[in-house]
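Hi everyone, thanks for coming. Please have a look at the structure I've brought along today, and then we'll walk through a few of its features together.

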Amino acid sequence: MTAFLHQIFSGLAMGGVYAILALALVMIYQATHLVNFAQGEMAMFSTYIAWDLIDRGMPYPAAFLLAVTLSFFGGMAIERIVIRPFAQAPVLTIVIVFIGLLLIFNSVAGWRYSYTIKTFDSPFPSGRWFGNSFMSSHESGAILVTFVVLALVYAFFRFTPLGLAMRAAAQNPASSRLVGIKVGWMLAIGWGLAAAIGAVAGMMAAPIVYLDPNMMLGILLYAFAGAILGGIDNPWGAVVGGFMVGVLENIAGAYLVGPEIKLSVALVIIVGALVIRPSGLFGRPLVTRV
Amino acid sequence: MTIADDTPAVLSAKPAEGEARLWGRLALGLFYAAALALPFLASGYHLFQYSQVLIYAIALVGLNLLTGYNGQISLGHGAFFALGGYTTAILVTRFGVPYWATLPFACVICFAAGFLFGLPALRLGGLYLALATFALAVATPQLLNFKGFDAWTGGSQGLLLSKPHAPFGLPLTPDQWLYFLCLACASLLFWAAANLVRGRIGRAIVAIRDHPIAAETMGINISFYKAMCFGVSALYAGVAGGLAAIVVGFVSPDSFGLFLSLSLLVGIVVGGLASIWGVLFGALFVEFVPNYADQLSDLFGESAKALPGAIYGVLLIALMYLMPSGVAGALKTAPRFLSRLFSRPKQV
């Protein structure tokens, strides 16, 4: 029973990481109806930047903030420079561009930081929290960070004028333009926020899965599964989906299929959810007019 | 994006097209002259590389039928490539089937697998299909590594096949024989694909890509054609995988990772989406770029490992930006472009 609870709790910790990354995916999906295949690799690259800064002697909090800020502007730059020219292009073109970005980030990270696996220290003190024996301190901290990120994102979109403008731009670009919202810039900021949130996910994941250029591939897959399971047009759904996938993955890995083919759990969830309920558990069904 | 003009020749046959057809025949003749002479000119290892080019070309034609012509995005064709490879390897090593007889099995199994994967794929629009196949590509090496199949697949050790000798006492080295085997398979499959695309079925699958609703009102059974297309495409990938297992003589889970699937995508983008002959360029590219990048490793040291990925990534984006119809499209428009470039401006 203890082992089972342990699996659930460490599943929740990884689920938090999936939830944050799924939230980043949803943010771009809501604005553009596209799923960013390069989100995981962007997050991986941000994590390397943080590692680099820490390696140069910067204290963790400063490195964390700087990496998140750099990711924000990096994400914006990618939208403005790489993605913008393809705004009207068919889905196939955009998917190919995303795959191109994925390959570039992966190989640039490998080039710059080599393919050897690195350790990434956890920012949290090593003692267990409140005598909690089911989770390591980093796992507790990762869950806490997940909730902080969620609260911040919620507050941003709910209580700030910029958040309101971004929601408007995503929901109805034409009318938003009429009331003076710069829709193009809102998209760019959306990409920046997604990249920044992804950076947090990467830095929370790195102490658990270790830092290497391919570390986010599996995590991205679980985040996809979480977003699809919860409904890719619903941020809350995606977050709940992320946590669910984390727990499911851990339990399936421990008791059903064995740890070495855990990724197929994500495959089954993605295909299963898309076939049985393409809008996810909490999403709205997509209705198109013929 | 403008996809290569693939209106069937029959529909747009004009007197001027006769000349184009002549050029086409000439190119085909030249290609075969070069392809048949190659085994007697190139050394063993180079010949092995050209066999791999032909193998990639087969897989790329299959993927192009699905993605280029029918508009279903697959990022997971490495999985069907792996299925074909393992089918051949398992039949040869565990059941003692002669290597040439395993290819039909690979065909049937991969067609069935593709058809079955294509059925749920019917419900997934472009982006979601890309997601599902991406997941398939990432999960494939793990699935091949699954302990439960170890007795058949050899787990992470993979399976070794011995290199076959030329039959009937032909005076060919094993490398030459395998090259001719690949060339024969590729010719057959290219011919079949060209015919498929040119005919009624080809028009149907292109119509489904361009306007599914209009296609349906024209009486095209969309689900049947889409699933069929997925099956045929997987069949091509499977034959390629089977041939790769024979030619390389080794299969292991690591050879069928995400990079293979993405290489196939790069191949059709470079060669030209919705083009049959263009994929030859894509295949050359996919085979030789990682190779040359490897040779640069003394220049860049360990980081040369990152070079193919970087080149692929930059090229994917640049091609989508500058040359979305790939080499095939560029070749098609080059004469017009050049003649415009070199012709004197008209006197006014």
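Let's start with a question: which residue's side chain does D210(B) meet in a salt bridge? The partner is R209(B), and the N to O distance is 2.9 Å. Before we go on, please keep in mind that this is a predicted model. Now look at how this pair sits. D210(B) counts as exposed because its relative accessibility is 51%, and the cut-off for exposed is over 50%. R209(B), on the other hand, counts as buried, at 19% relative accessibility.

Let's visit another one, in chain A. The side chains of R112(A) and D52(A) meet in a salt bridge, at 3.4 Å from N to O. Where do these two residues lie? R112(A) is in helix α4, residues 91-113, while D52(A) is in helix α2, residues 39-55, so the pair ties together parts that are 60 residues apart in sequence. R112(A) is partly exposed, at 49% relative accessibility, whereas D52(A) is buried, at 11%.

There is one more in chain A for you to find: R84(A) forms a salt bridge with E79(A), and their closest N and O atoms are 2.9 Å apart.

Now for the nonpolar side chains. In soluble globular proteins, nonpolar side chains tend to be buried together. Here, the largest nonpolar core has 213 residues, and those with the most contacts inside it are F37(A), I99(A), F224(A) and F134(B). Helix α8 of chain A, residues 183-209, gives the largest share of this core, with 17 residues.

Let's zoom in on F224(A). Leaving aside residues up to four places away in sequence, F224(A) touches several residues, including L25(A), F37(A) and I270(A), as well as L131(B) and F134(B).

Which residues make a nonpolar surface patch of about 490 Å²? They are M1(A), F4(A), Y255(A) and L256(A). M1(A) is found in the segment before α1 of chain A, and M1(A) counts as exposed, at 73% relative accessibility.

Technical notes
Residues are numbered from 1 along each chain as its sequence is written. Chains are lettered from A and ligands numbered from 1 in the order in which they are written. This is a predicted model: local features need pLDDT of at least 70, side-chain atom pairs count only at pLDDT 80 or more; totals for chains, interfaces and linings use all residues. Side-chain values use heavy atoms; hydrogens and water are left out. Patches are made of residues with over 30% relative accessible area and no salt bridge: like charges are joined within 9 Å, nonpolar side chains (Val, Leu, Ile, Met, Phe, Trp, Tyr) within 5 Å. Accessible areas come from the Shrake-Rupley method with a 1.4 Å probe; for residues, only the protein chains shown count as cover. A salt bridge is a side-chain nitrogen of Lys or Arg within 4 Å of a carboxyl oxygen of Asp or Glu. Helices (H or I, at least four residues) and strands (E, at least two) are DSSP runs, numbered from the N terminus. Buried means under 20% relative accessible area, exposed over 50%, partly exposed in between (1.4 Å probe, protein chains only). A nonpolar core is a set of buried Ala, Val, Leu, Ile, Met, Phe, Trp, Tyr and Cys residues joined through side-chain atoms within 4.5 Å. Contact means heavy atoms within 4.5 Å.
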